[in-house]
Amino acid sequence: MQRRTFIKSTLVTTLALTFQSCGPTLKGNSAFYYPEVMMNCTDEEGLVELGKRYREQHPPEQTEDSLLKALSDGKDFSDETKGTIQDHLSIHVRQDFLQKNIVILDGWILSVTEARQCALFSLIT
Amino acid sequence: MHTDARQIDNNSIIEGDVCIIGAGAAGISFALQWLNKPHKVLLLEGGGFEPEQAMQDLYKGKSTGQRYYPLHSSRLHFFGGTTGHWAGFCADFDPLDFKERSWVPNSGWPIERATLDPFYERAHKIIELGPYRYDLEYWQQQDPSRKHLPFDNDILWNKVWQFSPPTRFGTKYKDTIVNASNIHLYTYANATELVLDDNDHSIRHVVVKNLAGKTHTVRARYYILACCSIQNARLLLSSNTRAKHGIGNDHDQVGRYFMEHLEINSGDLFFKDEIKLPLYLWDPFVTRMRAEIAFTEQVQQREQLLNGTISLTPYTGQDPEVYIDTFSEDAIGRVKEWDEYEKKPNKRKPEDPDAFKHYNLFTRLEQSPNPNSRITLDTEKDAMGMPRVSLHWDLLALEKNTIRKMYHILGQQMGISGLGRVRVMEWLRDEKDDVWPPIVGGGWHHMGTTRMHNDPKKGVVDANCKVHGIDNLFAAGASCFSTAAAVNPTMTLIALTLRLSDHVSTRFTNDSAIDL
């Protein structure tokens, strides 16, 4: 079993801080790109790998736009805070698991929501 | 009383009321129930008081099918038997283990789980366990730090294990047995053949031999086979002078349904924050209880799972050991290692465990009762002329699919909890792959080779562990198990043996009433 380190990437931290400080642009710059639990379970390389695998298995979800649309349920989060977005995503992650809306990527048992987040992350990293 | 069967005259005739063949956990537990009773009990042990290479060599055999441990080192051939190297894990079977399950072919026992309760409690004393309590709430009251993971109770539960010190029967009970006036222990008395009476429905005597070249005859009213699952089957199959296919084997059931516990590293659990999990940890010879994650009866039924558990071990930087790769053929060396470890004065006391983010996940799973997983006789013979055995260890897709689903369920529950994520190992990832990896091992738990069933066409012993068709022959121990359950077998085989002992005692009482 390959050992994973639990280091938050500088890039992701930068993303989060940038979002906090600047505001409304969703694309490339929001909590959607930050799978909260998985960021604490694996490293940047692992997230990128998971994201790539998800995109390989789901051809319609190759772009940031398509992934953001799926994650936001089509709603406009551009004026929402990071906390609101994270709450939205947490609820979806939990619902995914409750409803068995699950994917297994490289052995990881993930919710579809966080797999999409990994996919987003892999597009910008 | 003790006699070294190498030292008595050749062709001695040894007589008693009950003859117990084998002095391991089952044989000694049985004998202990007869202390100071008005019966002469013969306890036959093939080895001596210390493990010896020549005795272990008698246990050599072959294995085919799934890779298995060497047969001569996964069990011990001396007074005390395989308790000489067991780790002390004890838990009770679940009620579901005794029921017929539509998704588990050949499941179901002719007795219920509740039947064993009084015997489990008695077994506790023999293997030096704490109170007969396996409800988690009790243990959490004793130590509130033993918090469980927050899963849905309708899906996952926490199965409690207690740990025997572990009781080494050869050390703990040697003096008791040797000093008992009505228990006659014969060491170096290897049973090599059961001889039928002319009616073919009872045992007339047992032939015992040793490497000193002596042969003796042992006669008793009742005979108890208690020499471990492989040896019980071997003895029945080898006793084929009058019964062509072996005693109790009219329907080709002896030796079949060999079951193990599949024990295998299966995945990893990553918590988003460090967490202390004292409830789930095990420190050898220190921990007295712990829990493993188990699956409720309703989930097993709904998902068509075998019964199994998942245990957690902190990841400390090295991938976990694969026991079947590291298992030594040197049984005697391993016994010595355990002895030395147990004697260490600086063994740690239970202390506040460290917090970890990463835990290895280990599965223990019942093997499905499979008639093709079996013990047969080999053409090669041992030094006393007895045919050796061949084990064909046969695993099914049901077992692998169960493990896969278990981890999906655990992964789902971890996801719901928000605490972390599960990652399964590579050998579980392809849902179409039924092939077993070479890393799968067992717990050295040998079960089922003289399984219990009311129908002689489907089992070897009846609900009282009496061999079908033979009036005075019983099997004791895990060879009688109809299913393997998720847990280590020792406590249950002792409980079943105590029940058998009570039954045989009742037989004597009834015999006396008839004689009157």
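**Exercise 1. Describe how much area chain B and chain A bury between them, and which residues of chain B lose the most.**

Solution. In this predicted model, chain B and chain A bury about 2200 Å² between them, and 61% of that area lies on carbon and sulfur atoms. On the side of chain B, the residues that lose the most area to chain A are B:I416, B:R421 and B:R423, which together account for 33% of what that side buries. Counting contacts as the next step, we find 24 residues of chain B touching 21 residues of chain A.

**Exercise 2. Find how many salt bridges cross the interface of chain B and chain A, and which elements of chain B supply its side.**

Solution. The rule finds four salt bridges across the interface, and one that can be located in the structure joins A:D106 to B:R429, with the closest N and O atoms 3.0 Å apart. Turning to the elements of chain B, at least two residues each come from β13 (261-275), β16 (356-366), α11 (397-417) and β19 (420-424), and α11(B) gives the most, with six residues. Sorted by class, this side of chain B has eight nonpolar, seven polar and nine charged residues.

**Exercise 3. Work out how β1(A) and β2(A) pair, and where A:D106 takes a positive phi.**

Solution. Strand β1 (residues 102-105) and strand β2 (residues 108-111) of chain A pair in the antiparallel sense over four bridges, and A:L105 has A:W108 as its bridge partner in β2(A). The hairpin of these strands has two residues between them, and in this hairpin A:D106 takes a positive phi near 55°. Looking at the faces of β1(A), we see A:V103 and A:L105 on the covered one, whereas A:I102 and A:I104 are on the uncovered one. In a regular strand, side chains alternate between the two faces of the sheet.

How values were computed
Residues numbered from 1 in each chain as written. Chains lettered and ligands numbered in written order. Predicted model: local features only at pLDDT ≥ 70, side-chain atom pairs only at ≥ 80, totals over all residues. Heavy atoms only, no water. Contact = heavy atoms within 4.5 Å. Buried area = accessible area lost by both parts, 1.4 Å probe. Salt bridge = Lys/Arg side-chain N within 4 Å of Asp/Glu carboxyl O. Nonpolar A, V, L, I, M, F, W, Y, C, P; charged D, E, K, R; others polar. Buried < 20%, exposed > 50% of the residue type's maximum accessible area, 1.4 Å probe, protein only. Pairing = 2+ DSSP bridges.
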